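Open your viewer, load the model and keep the selection tool handy. We will walk through it one stop at a time.

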Amino acid sequence: MSTVATLGVDDVATHAVMLLDHRRVDLYAEALAAQVQPGDVVADIGAGSGILAALAARAGARRVFAVERGPVAHLARKILMASGLDGIVEVLRGDAREVALPEPPTMLISETLGNFGIDEDTLSLFALLTRRCAPEVRTIPQRVEPMMALLSDSALSSELATLTSLRGLDLRLLRASLVHRVLPCRLDPSILASAPVPAGSFRVGLDVSPRTLTTTLRASQQGEVNALGGWFRAYLTDTILLDTGPLNPPTHWSHLLFPIDPPIFCEEGDVVEVALTPRYLPSLHLWTWQVRLGSELRQGDAFSALLGDARDIAAQISSGGLPPAVQTRLEALRIAFQGPAVAPAEMGRRLFAAYPDRYASEADAEQEIWALLRAYASLR
Ligand SMILES: C[S@@+](CC[C@H](N)C(=O)[O-])C[C@H]1O[C@@H](n2cnc3c(N)ncnc32)[C@H](O)[C@@H]1O
């Protein structure tokens with residue numbers, strides 16, 4: 001399953017892949033068993049299939065709110081009922097920023113962690129939500145650290161060389177665009193050219209999403225450095241650490257590779273300064289990065305790796321071309337209804353008529369339409 005290409009959080013296979021990530025599930029289960037106390041009111045933010053909500057209920061929570069904005073909420077409701085947990089866990093469909101919680105939680109739990117830990121804007125979401133919680137609310141995770149290292153990746157160098165000219169085609173412009181792209185991949189530990197270092201350490205519930213991350217990386221060997229590597233570690237509790245880095249057993253998360261082009265030549269012990277500015281859009285890794293060694297400066301900007309000129313890109317974004325899962329789903333609904341867009345209430349009515357088993361009511365189906373439209377609008 002881990003090799004299946006998935007279409008984002010509205011794809012059931014994505015949830016299967018996350019459930020099959022044993023390290024992820026085991027560490028969360030351990031953390032919940034250690035932290036949940038009898039009487040706790042827990043809110044699981046981004047509940048997906050309901051796994052964390054279920055673990056919190058089994059760990060002794062009095063009441064659990066499973067908040068989920070995507071259509072997987074309907075599946076979670078049924079899964080939790082089939083598991084006999086519907087008396088304790090209540091699924092609330094909607095964006096956690098907007099959903100009214102029936103009782104202030106004493107504990108917030110979530111696994112809305114992107115490949116770089118903070119890239120799904122989790123910190124700002126938690127900072128907002130803790131204001132609606134009981135005083136002294138506890139969180140899982142407690143702390144998130146985006147991690148970085150220098151890389152010396154000979155495979156990348158040879159691929160970039162091939163992409164300069166191939167069978168008579170001058171590909172220098174494609175190559176120039178590609179080196180601004182953040183590449184999700186699996187990093188082999190042998191290509192690390194520095195010790196991994198946290199590019200910030202953020203307290204979940206207290207800190208907001210940073211504007212820029214800065215850190216310094218010390219070269220562990222002499223030679224060319226042609227990329228930065230990125231991943232995260234999350235302290236689920238003081239002692240339970242989820243580290244997705246290349247020196248740890250694999251998880252379903254990807255590592256990230258930020259090309260440095262042209263490469264910089266480092267002596268062992270050289271200190272490289274790094275600044276990284278995220279743009280908080282789900283899954284796109286549309287960041288800028290800056291790498292400095294002495295007077296040498298390299299810069300990357302993933303926005304300039306998007307195909308099309310500026311007008312074209314603006315049109316792609318405003319036409320809701322992203323993320324693919326939202327686009328695919330809206331398009332599928334449009335085709336299913338065989339016609340031009342209709343009012344959300346009418347779409348909800350038709351959706352419920354077509355799939356009565358999937359929704360509790362027309363209003364419930366209409367909520368899905370609204371959630372899709374909101375996701376679509378948030379990209380504008
Ligand atoms: C990485 S999945 C984790 C799902 C589940 N908690 C698990 O551990 O398997 C994150 C889920 O959070 C949901 N999500 C993200 N941001 C959300 C928000 N602001 N409000 C509600 N749900 C959100 C997504 O739709 C997705 O289903």
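**Before you start**

This is a predicted model: local features need pLDDT of at least 70, side-chain atom pairs count only at pLDDT 80 or more, and totals for chains, interfaces and linings use all residues. Residues are numbered from 1 along each chain as its sequence is written, and side-chain values use heavy atoms, with hydrogens and water left out.

**Stop 1: the whole protein**

Show everything as a cartoon and you are looking at 11 helices and 18 strands. These are DSSP runs numbered from the N terminus: helices are H or I with at least four residues, strands are E with at least two. Of the 380 residues, 47% are buried, where buried means under 20% relative accessible area with a 1.4 Å probe, counting protein chains only.

**Stop 2: the parallel sheet**

Select β1 to β5. What is the order of the strands in this open sheet of 5? Reading across, you find β3-β2-β1-β4-β5, with parallel pairing; two strands pair if DSSP finds at least two bridges between them. β3 (89-93) and β5 are at the edges with a single partner strand each, so one side of each has no neighbour in the sheet. On average, neighbouring strands here are turned by 20° against each other, direction ignored.

Zoom in on β2 (residues 63-68), which pairs with β3 over 5 bridges. Look for Glu 68: the residue opposite in β3 is Arg 93.

**Stop 3: helices on the sheet**

Next, pick α5. α5 also packs on the sheet, touching β1, β4 and β5, and its direction makes about 160° with that of β4. How many of the 9 residues of α5 are buried? The count is 7, among them Leu 123, Phe 126 and Leu 129. The buried residues of α5 pack against β1 (41-45), β4, β5 (138-140) and β11 (202-203).

**Stop 4: a residue in a loop**

Select Asn 115, in the loop between β4 (107-110) and α5 (122-130). Is Asn 115 buried or exposed? Asn 115 is buried, because its relative accessible area is 15%. Follow the side chain of Asn 115 and you reach the backbone nitrogen of Ser 254 at 3.0 Å. Now display the residues in contact with Asn 115, including Trp 231, Phe 232, Trp 253 and His 285, leaving aside neighbours within four places in sequence. Contact means heavy atoms within 4.5 Å.

**Stop 5: the antiparallel sheet**

Finally, select the open sheet of 4 strands, ordered β12-β16-β17-β18 with antiparallel pairing. β12 (213-218) and β18 stand at the edges with a single partner each, so one side of each lacks a neighbour in the sheet. From one strand to the next, the twist averages 15°.

Zoom in on β17 (residues 288-293) and β18 (residues 296-301), joined by 6 bridges. Here Trp 289 stands opposite Gly 300, and Arg 292 opposite Leu 297. The two strands form a hairpin with 2 residues between them, and Gly 294 in that turn has a positive phi of about 55°.

Key: Buried means under 20% relative accessible area, exposed over 50%, partly exposed in between (1.4 Å probe, protein chains only). A polar contact is a pair of N or O atoms within 3.5 Å; within protein, one must be able to donate a hydrogen and the other to accept it, and residues adjacent in sequence count only if both atoms are side-chain atoms. Axes are lines fitted to C-alpha atoms, for helices over the stretch in contact, and angles run from 0 to 180 degrees between N-to-C directions.
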